[in-house]
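Subject: Structure handover

Hello,

My notes follow below it.

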Amino acid sequence: MTDSDVSRADTRTPQIVYALFLGGIVTANITLLIGVIIAYVYRKDAAPWLQQHYRYLIRTFWIGALYFCAVFALSVFVLGAILWPLLAVWLGVRCVLGFIAVRRDQPPARPGSWLW
């Protein structure tokens, strides 16, 4: 087995977690919980650049949870109804950018970012 084969096998898990996060948009966040558990389990044994992806995924979950609570609180007002779709777009953009970076064998562009 070559190094590239090992790398491709190692990148499957973060790709699956990104897909689970994207699936959370339509599954009422159930797959997000599964994805963050997988990210916590696999992050220590991963290559350093893949550890950054797992960190990015875990941060995405917790930042998304914070944003979710804020939007939920604002749902009492009309503003919350406007922010729900933006929260879904935020999650989608973060996951797609991370997925593309994994496919290119690169760490996430801005792993410490709260926005994208």
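Start with Asn29, which lies in the loop between H1 and H2. Helices here are DSSP runs of H or I with at least four residues, and strands are E runs of at least two, numbered from the N terminus. This is a predicted model, in which local features need pLDDT of at least 70 and side-chain atom pairs count only at pLDDT 80 or more, while totals for chains, interfaces and linings use all residues. Residues are numbered from 1 along each chain as its sequence is written, and side-chain values use heavy atoms, with hydrogens and water left out.

Backbone

Phi of Asn29 is near 70°, a positive value in a residue other than glycine. Most residues other than glycine have a negative phi. Asn29 is partly exposed, with a relative accessible area of 31%. The classes use a 1.4 Å probe and protein chains only: buried is under 20% relative accessible area, exposed is over 50%, and partly exposed is in between.

Asp105 also has a positive phi, near 60°. Asp105 sits in the segment after H4. Its relative accessibility is 34%, so Asp105 counts as partly exposed.

Helix H3

H3 covers residues 48-74, which is 27 residues. The expected span of a helix is 1.5 Å times one less than its number of residues. That gives 39 Å for H3, and the end C-alpha atoms are 39 Å apart, which agrees. Buried residues of H3 include Leu50, His53, Tyr54, Leu57, Ile58, Ile63 and Val71.

Core

A nonpolar core is a set of buried Ala, Val, Leu, Ile, Met, Phe, Trp, Tyr and Cys residues joined through side-chain atoms within 4.5 Å. The largest one has 19 residues. Tyr18, Phe21, Tyr54, Leu57 and Leu91 have the most contacts inside this core. H1 (3-23), H2 (30-42), H3 and H4 (79-103) each supply at least two of its residues. H3 gives the most, with seven residues.

What does Leu57 touch, leaving out residues up to four places away in sequence? Pro14, Val17, Tyr18, Phe21 and Ala39. Contact means heavy atoms within 4.5 Å.

Aromatic pairs

Rings of Phe, Tyr and Trp (its six-membered ring) pair if their centres lie within 6.5 Å; planes under 30 degrees apart count as stacked, over 60 as edge-to-face and the rest as tilted. The structure holds six such pairs. The rings of Tyr18 and Tyr56 have centres 6.5 Å apart and planes at 55°, so this pair is tilted. Tyr18 lies in H1 and Tyr56 in H3, so the pair ties together parts that are 38 residues apart in sequence. Tyr18 is buried at 1% relative accessibility, and Tyr56 is buried at 2%.

Phe61 and Trp62 have ring centres 4.9 Å apart and planes at 85°, so this pair is edge-to-face. Phe61 is buried at 16%, whereas Trp62 is partly exposed at 49%. Ring pairs also link Tyr67, Trp90 and Trp114 into a cluster.

Cysteines

A disulfide is a pair of cysteine sulfur atoms within 2.5 Å. The count comes to zero. Cys69 is in no disulfide, and the nearest cysteine sulfur, that of Cys95, is 18 Å away. That distance is too far for a bond. Cys69 is partly exposed at 49% relative accessibility, whereas Cys95 is buried at 1%.

Best wishes
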